[in-house]
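Colleague: I'd like a close look at a single part of this model. Could you walk me through one of the sheets?

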Amino acid sequence: MLYPGDLFKILEFDKLIQIAESYCKGTPGRDLFSQINFSTDLNQIELQLSETLEFKLSIESGDPIPVNNYSNILEFLRYLKITDYFLETEHINELKRVLEIMKNLDKYAINSKHSENFPSITRLILNCQYKPTYLQRINQVLDDQGKIKNNASEQLVKIRRNISSKKTELERAFDQIAGQYKVKGLLSESGESYRNGRRVLSVPSEYKRQIPGIIHDESDTGKTVYIEPESVILLNNDLFELEHEEIREIYKIIQHLCNDLAHGYDDFVNYSQCIAKLDFIGAKAHTALTYKGNKPLIGLQPKFEIKDGYHPLLFIKNQKSGKITVPFNLGLHNDNRILIISGPNAGGKSILMKTIGLMQLMIQCGFLIPASVESKFGIFKQIFADIGDKQSLEEDLSTYSSHLKSMKYFTDHVCENTLILIDEFGTGTDPEVGGAIAESILGHLNRRKCWGVITTHYSVLKLFAHNNSGIVNGSMLFDSNGLKPTYVFKLGSPGSSFAFELAKNNGIPKVVIHHAEKKLGSKKYKVDKLLNDLQENKNQLEKQIKSLNERQQQLDKLIISYEKQMNEFEFKRKKLRQDVKEFQLKSLNAQEEFIESHIKDLQKEKDLEKIKALAIQKRAEREKLLTELENLRIINHDNKKSLQKEIEAGDFVRLKTSGTTGTVEEVIKDSAKVVMGGLTVLVPIKELQAERRPQDLRREKGIHTDILTNAAKVKDKIDIRGLRVDEALTQLQEFIDNALIAGKINLEILHGKGDGTLKRIVRQKIKEYNLPMEISHPAPDAGGDGITLVAIR
């Protein structure tokens with residue numbers, strides 16, 4: 001997948017790894033850097049980058065993931081499998097340290113704040129399933145300093161008590177005898193010392209036969225001998241025996257502890273691997289902080305959309321010296337997959353090429369990159385590079401031969417998921433021949449649909465890039481006035497080498513430069529100028545096309561908006577006509593009531609012909625208005641349906657009659673079940689208006705509605721006497737809807753007796769709601785059949 005085999009070194013990824021290794025807390029974490037793999041699995045890459053980002057964020061938050069110094073316990077852990085094996089106390093303390101780290105990690109991971117902010121890291125920790133019993137068992141034996149506790153066993157308590165008592169007795173006896181010999185002047189100035197672990201008297205050699213005991217040592221000069229007095233020899237022997245007894249008891253205690261810990265071997269391996277991985281991730285996170293690394297957007301298909309990118313090692317170096325690192329922006333896509341970078345020497349071409357290759361390596365190895373979080377990268381299955389001079393005496397390769405060997409490998413193995421990096425393409429041989437071969441190879445690579453970044457000084461390659469799709473020119477800008485590079489990258493324009501200008505700036509004699517200019521002639525300048533002019537024209541055309549496309553999109557949006565407004569205007573115009581007709585109808589109804597109220601007066605005058613004529617005229621006017629109104633309603637209903645989408649389950653709707661809102665639970669033919677205020681109501685679809693679901697912008701949880709707020713204002717009684725059937729139905733439906741939403745369960749409807757028409761429509765309307773209820777009438781003296789009582793169960 002990577003060519004050549006030392007690509008990490010060529011792109012200086014190895015230096016970045018060395019920096020990361022320095023942040024590791026233990027050897028196992030450092031060892032993982034030698035096992036870094038170039039991954040092509042999108043999910044694995046996303047996970048690795050997320051883990052590193054989360055660790056970096058934990059550091060920046062001031063509450064870092066707690067990974068401290070630890071040792072490689074796997075080196076001695078395998079001995080736990082041996083029954084009755086004795087682990088050194090030092091090793092048990094190293095295991096204890098790992099368990100303490102794991103305990104702190106588990107405590108960190110179960111914190112809800114941490115699990116929410118750092119899900120990948122906490123999931124990794126919790127998967128280890130930390131068990132506190134192992135650490136508790138070790139703490140029964142070892143104290144905080146890692147030494148065996150006095151109460152590790154009952155026998156050890158007795159032994160150490162006896163040792164303490166024996167030491168006190170020994171000290172008393174030695175002090176007594178030393179005092180006696182000192183008074184006699186048989187001791188040297190120091191008086192006493194320690195030899196072979198025993199307290200001895202310092203005696204001048206001429207007095208050694210005057211003090212009975214065992215001589216343990218003498219000074220280098222031979223003038224002083226060190227004698228253990230005879231009276232304390234037995235006491236020292238007793239103490240020696242007790243100390244050996246203590247060692248034997250400690251051996252038993254450790255042996256028993258190791259047998260208990262052997263059951264946790266698999267857990268200890270998991271804990272060690274988890275800590276090592278977190279150490280590895282943390283080292284990458286600390287390294288990312290040095291170059292302000294971020295996690296870009298990653299896609300499966302190859303692509304480059306780099307924003308504010310720079311070389312991490314260059315950034316670290318410049319930051320130490322106080323210099324500014326110039327960022328670059330770059331976008332490569334299917335139409336422009338291969339970038340040809342040209343420009344002056346020392347202008348940053350090779351650095352830019354290496355940066356792009358290094359960033360891709362970093363991403364696919366789980367490192368954050370020095371670029372904006374808005375940057376986008378794809379996944380490559382192969383990265384090939386031909387950078388530097390690979391001439392070899394052992395392999396009998398010249399510089400150009402080594403380049404051709406690499407090109408052979410490239411042409412044989414490239415595919416659509418290959419990224420190629422070539423520095424100084426075509427150099428190392430005759431420029432005309434080298435340029436022709438380079439052009440041919442570039443054409444072959446382009447036809448294979450691979451991706452690449454190539455640096456060159458050859459005009460033939462710049463011209464080839466201009467004339468072929470899939471390849472784009474780019475340049476490193478140069479300050480021709482100050483004769484120094486700006487390190488600014490410009491996509492879309494080829495660059496000049498500025499060789500003569502740089503020669504002048506570096507002190508080459510003018511006569512030499514002038515002679516070279518005459519030899520070259522104006523042809524070279526004309527080619528460069530032509531390329532730049534063509535590229536500028538191309539860029540302007542692309543900008544104009546982009547601008548035209550944007551304007552066309554804006555125009556399309558305006559047309560759609562205009563048509564929508566026209567439809568709404570037409571609907572409102574027809575709705576206004578409907579409102580006018582309805583107003584006229586109401587006026588006629590009022591006139592009709594007025595006529596009926598005066599019929600008796602007219603009857604008294606016996607002018608029946610006049611009454612009939614007036615009644616016929618009003619009826620005709622009323623019928624005409626009703627016909628016109630119905631036609632307008634049908635038209636407006638159709639227009640409204642064309643402007644609105646059909647009501648479906650899950651839609652948020654409003655009742656036209658009352659303005660109350662709810663959610664459609666189910667659509668049944670021409671009706672819909674609507675949930676309003678906790679109740680389910682069956683409502684005709686024509687009485688519903690689809691609405692946009694309101695957004696709750698408040699921070700507190702819960703739902704607020706004016707329906708509940710105004711529930712107390714809803715009445716549980718209604719009087720529909722004297723109303724026409726259509727008016728009675730409208731008011732009755734609004735009354736029942738509001739009552740149900742407000743939670744009213746006892747309703748009273750006053751409709752009068754009359755011919756029973758209103759009583760029938762009341763019962764019919766109530767039954768439409770399909771709710772468990774009781775319908776009854778009060779006693780005759782309380783209204784009887786003129787009132788309908790509804791009790792909702």
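How many bridges join strand 17 to strand 18, and do they run parallel or antiparallel?

Modeller: Before the details, this is a predicted model, where local features need pLDDT of at least 70, side-chain atom pairs count only at pLDDT 80 or more, and totals for chains, interfaces and linings use all residues. Residues are numbered from 1 along each chain as its sequence is written, and side-chain values use heavy atoms, with hydrogens and water left out.

Now to your pair: strand 17 (residues 661-668) and strand 18 (residues 671-676) run antiparallel, with 5 bridges joining them. Strands here are DSSP runs of E, at least two residues, numbered from the N terminus, and two of them pair if DSSP finds at least two bridges between them. In general, strands of a sheet pair through backbone hydrogen bonds, either parallel or antiparallel.

Zooming out, this pair belongs to an open sheet of 5 strands, in the order 19-18-17-16-20, with antiparallel pairing. Strand 19 (679-684) and strand 20 (688-690) are the edge strands, each pairing on one side only. From one strand to the next, the twist averages 45°; axes are lines fitted to C-alpha atoms, and angles run from 0 to 180 degrees between N-to-C directions.

Elsewhere, for contrast, L419 is found in strand 12 (residues 418-422). L419 is buried, as its relative accessible area is 0%, where buried means under 20% with a 1.4 Å probe, protein chains only.

Key: Helices (H or I, at least four residues) and strands (E, at least two) are DSSP runs, numbered from the N terminus. Buried means under 20% relative accessible area, exposed over 50%, partly exposed in between (1.4 Å probe, protein chains only).
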